[in-house]
Amino acid sequence: MIIYGVALLAACLLTGLYVGELLGQLLGVQANVGGVGIAMLLLVLASSTQRFEPLVTGASATGINFWSAMYIPIIVAMAASQNVVAAVDGGLLALLAGVAAVVVSFALVPVLSRFGPQSDPLPPLDSTPGTPGTLATPSKTSGGV
Amino acid sequence: METLVAVISANGLITAFAVVGITVWISYLMSARLTAGRIHGSAIAIILGLAASYWAGSVTGGSRGVVDIGVLAGIGLMGGGMMRDFGIVSTAFGVHISELRKAGVVGVISIFAGVIVSFIVGALIAVAFGYRDAESITTIGAGAVTYIVGPVTGTAIGASSDVIALSVAAGVVKSILVMIGTPLVAKYIGLNNPQSAMVFGGLMGTTSGVAGGLAATDPRLVPYGAMTATFYTGLGCLMGPSILYFIVRALV
């Protein structure tokens, strides 16, 4: 059932957000600490656990894959609802602070990536319009990693 | 015509699906015809989205882009935090635990490094623009972390409202620049594998920026970058009004 996969996804997100809120309260921070990240970990764990197999294979997997294929359209909608005017009108200081933070952080990516075990570059994408749909290929992982 | 507008407005989310679908279709067409596939279709779609938001913001004077145009209000639901987080989590389906483990320690380091480096850069620019009080410098520095950390920090330490507004603007600039800039620099910073994507997410931190930037670069990298990025704002909110503020206060 497609809804099983969607429900698992929802359960992971809600649990993650709840734990993130609790973490925030515990640390005295007015923000959700890592809720989405925790939710992602839960989904990864669920999809590699035997017990959850009926929820992450077959039609149930379609329910999850549908949302990961909808991810880019959602991001496009998100881009269309950003306050771009404020960013442009924020003046030179806001512009410089934002740009400089990004440039320095970009430059640090290769520096920090050198530490720890390396992972191999992903194989090239075939750039057909359908590619967003292929971003999750769980068939190999869902059995047990 | 009135009836059509009524139907469109009453079914906001459905309208959003149709409008975004058409936008993505046009973007892939532009990608193939105008750039011979060199610029990814999703990158063009995100830029079209941002451009539409700028146009809408200038016309309506609102702060939520096209969402402030009545018939397009559903875009706000589709692109809001709820759907964004749901979409991000779904991309983790198929992530390899072994890749997460590989970047575990360096991923955590990158989150700390990202918050501290962005803060220092923002704070230095605040000083360069003549700010001398610890509250303003800290708040603008925190804004360069993300547009959430800025106002959270500013409110906590009692910065003035125009400085808080500036910090939000700095954060929004950062987020938008990451969306647009990531596919352009990906090749040069080695952003082509899960491990560097996790470092990237930790360093940039802005969830919207990382989510959009990686989607436009290679959608398969999204879950790895998003995983670390979601801890960044929390850490920033933790450090901004406390240790970073104390350090700035000791220095000025």
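## Orientation of two helices

How are α8(B) and α10(B) oriented to each other, roughly parallel or roughly perpendicular? In this predicted model, the axes of helix α8 (residues 134-145) and helix α10 (residues 161-185), both of chain B, cross at roughly 25°. Angles under 35 degrees count as roughly parallel, and α8(B) and α10(B) are therefore roughly parallel to each other.

Two packed helices are described by the angle between their axes and the distance between the axes. For this pair, the axes come within 7 Å. The crossing in which α8(B) passes α10(B) is right-handed. On the side of α8(B), the contact is formed by B:S136, B:T139, B:I140, B:G143, B:A144 and B:V145. From α10(B), the residues taking part are B:V163, B:I164, B:L166, B:S167, B:A170, B:G171 and B:K174. Sorted by class, the contact of α8(B) with α10(B) comprises seven nonpolar, five polar and one charged residues.

## The helix α9 of chain B

Helix α9 of chain B spans residues 149-157. Its buried residues are B:V149, B:G150, B:V152, B:T153, B:G154 and B:I157. Among the elements that cover these buried residues of α9(B) are α8, α10 and α13 (222-251) of chain B.

## Salt bridges

Over all chains, the count of salt bridges comes to three. One of them joins the side chains of B:D68 and B:R64, with an N to O distance of 3.4 Å. Both partners have intermediate accessibility values: B:D68 is partly exposed at a relative accessible area of 27%, and B:R64 is partly exposed at 45%.

A salt bridge also links the side chains of B:R84 and B:D85, at 3.2 Å from N to O. Residues under 20% relative accessible area count as buried; B:R84, at 17%, is therefore buried, and so is B:D85, at 11%. The side chains of B:D218 and B:R220 meet in a further salt bridge, with 2.8 Å between N and O. Here, too, B:D218 and B:R220 are both buried.

Key:
Residues are numbered from 1 along each chain as its sequence is written. Chains are lettered from A and ligands numbered from 1 in the order in which they are written. This is a predicted model: local features need pLDDT of at least 70, side-chain atom pairs count only at pLDDT 80 or more; totals for chains, interfaces and linings use all residues. Side-chain values use heavy atoms; hydrogens and water are left out. Axes are lines fitted to C-alpha atoms, for helices over the stretch in contact, and angles run from 0 to 180 degrees between N-to-C directions. Helices (H or I, at least four residues) and strands (E, at least two) are DSSP runs, numbered from the N terminus. Angles under 35 degrees count as roughly parallel, over 145 as roughly antiparallel, 65 to 115 as roughly perpendicular and the rest as oblique. A crossing is left-handed if the near helix is turned anticlockwise from the far one by less than a right angle, and right-handed if clockwise. Contact means heavy atoms within 4.5 Å. Ala, Val, Leu, Ile, Met, Phe, Trp, Tyr, Cys and Pro count as nonpolar, Asp, Glu, Lys and Arg as charged, and the others, Gly among them, as polar. Buried means under 20% relative accessible area, exposed over 50%, partly exposed in between (1.4 Å probe, protein chains only). A salt bridge is a side-chain nitrogen of Lys or Arg within 4 Å of a carboxyl oxygen of Asp or Glu.
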